[in-house]
Amino acid sequence: MEPGSMENLSIVYQSSDFLVVNKHWDLRIDSKTWQETLTLQKQLCHRFPELADPDTCYGFRFCHQLDFSTSGALCVALNKAAAGSAYKCFKERRVTKAYLALVRGHVQKSQVTISYAIGRNSTEGRTHTMCIEGTHGCENPKPSLTELLVLEHGQYAGDPVSKVLLKPLTGRTHQLRVHCSALGHPIVGDLTYGQAEDQEDQPFRMMLHAFYLRIPTQAECVEACTPDPFLPALDACWSPHTCIQPLEELIQALQTGPDPNPVDGGHSPSTPLARPGRPPPETEAQRASCLQWLSEWALEPDN
């Protein structure tokens, strides 16, 4: 597979207010360290120097995050007003996201709801990782919810593997990786939450990809569906043999489905799950975080 470079930046959505890029795997979004020779921010400055905003730290306003190892759809706001409108959608839990992944083993149920609460791991040597409630050293676990739909069963380099679609209904750090691992089906190539195997036997990347993104701002609906990277034609190690659910049908369901409603099903990336009929209260820490974010990204801070 082609490694990331300054030139191979893929744009899947573009308007006067937003870009959605198809981020390469093993690529940081931004970095202040000189050692990082390639970041998404540098790719954007190289391709769109005229769109960079000198008033921001990195030149571009990233509306959300993707892990270093995760590829796929990432939204970039091109001005403060657009960034504020996108942030409002995330805050009101109206954003739809779906990921593709290859996970170890054959998941037997065609659809699984994973609801393990996730907290920070305080165990020595694991302090930068997350864990599920009940794990030794798990601090401040928060309600977390992921929907998993099985697409295919097959083999990766001779080992049983399932291709799945993952829909995070909350937004905890490393949520999909932790949930898949807790289910007993860690993501292929996940060196942090996956099976301890010989480094020589590891695949070339972690098999997690941000496949679909919809942000329904007031001015425009930012919607992007990225190419599926987990195809035998692109990776000869992946050999599917049984189709459980066609991806095309699930794409159509994503595109035609209603936007999440804060009252009856949407879940905030940074708050506990809502009780029916009531939005969850905003804590002081969350309010302070919102104001700090808005002071740089939104049109006007919400005082």
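First, the ground rules. The model is predicted, so local features need pLDDT of at least 70, side-chain atom pairs count only at pLDDT 80 or more, and totals for chains, interfaces and linings use all residues. Residues are numbered from 1 along each chain as its sequence is written, and side-chain values use heavy atoms, with hydrogens and water left out.

Overall picture. The protein chain has 5 helices and 14 strands. Helices (H or I, at least four residues) and strands (E, at least two) are DSSP runs, numbered from the N terminus. Of its 303 residues, 48% count as buried. Buried means under 20% relative accessible area, exposed over 50%, partly exposed in between, with a 1.4 Å probe and protein chains only. The accessible surface is about 15100 Å², and carbon and sulfur atoms own 50% of it. That area comes from the Shrake-Rupley method with a 1.4 Å probe; for residues, only the protein chains shown count as cover. Now contacts, meaning heavy atoms within 4.5 Å. Take those with a separation of 6 or more: 66% are between residues 24 or more positions apart.

Next, helix H2. At the start of H2, a side-chain oxygen of Asn79 comes to within 3.3 Å of the backbone nitrogen of Ala81. After H2 comes Arg93, with a positive phi near 65°. Which residues of H2 are buried? They are Ala82, Ala83, Gly84, Ala86, Tyr87, Cys89 and Phe90. Keep the geometry in mind: an α-helix has 3.6 residues a turn, so residues three or four places apart point the same way.

Phe18 sits in strand S2, residues 18-23. Its relative accessible area is 1%, so Phe18 is buried.

Now helix H3 and Arg177. H3 spans residues 175-182 and contains Arg177. Is this arginine buried or exposed? Arg177 is at 7% relative accessibility, so it counts as buried. Two polar contacts involve its side chain. One, of 3.1 Å, goes to the side chain of Asp67. The other, of 2.9 Å, goes to the side chain of Asp190. A polar contact here is a pair of N or O atoms within 3.5 Å; within protein, one must be able to donate a hydrogen and the other to accept it, and residues adjacent in sequence count only if both atoms are side-chain atoms. Leaving out neighbours within four places, Arg177 also touches Ile187, Thr192, Tyr193, Met206 and Leu208.

Leu254 is buried because its relative accessibility is 7%. Gln255, at 42%, counts as partly exposed. The C-alpha atoms of Leu254 and Lys97 are 9.0 Å apart, across 157 residues of chain. Outside four places in sequence, Leu254 contacts Thr96, Ala98, Lys167, Tyr212 and Arg214. On the same terms, Gln255 contacts Tyr212, Arg214 and Glu223. From Gln255 to Arg214, C-alpha to C-alpha, is 8.5 Å.

Last, two loop residues. Asp26 is not a glycine, yet its phi is positive, about 50°. Asp26 lies in the loop between S2 and helix H1 (40-47). Its relative accessible area is 35%, so Asp26 is partly exposed. Ala157 also has a positive phi, near 55°. Ala157 is in the loop between strand S10 (146-156) and strand S11 (159-168). At 54% relative accessible area, Ala157 is exposed.

That is the tour.
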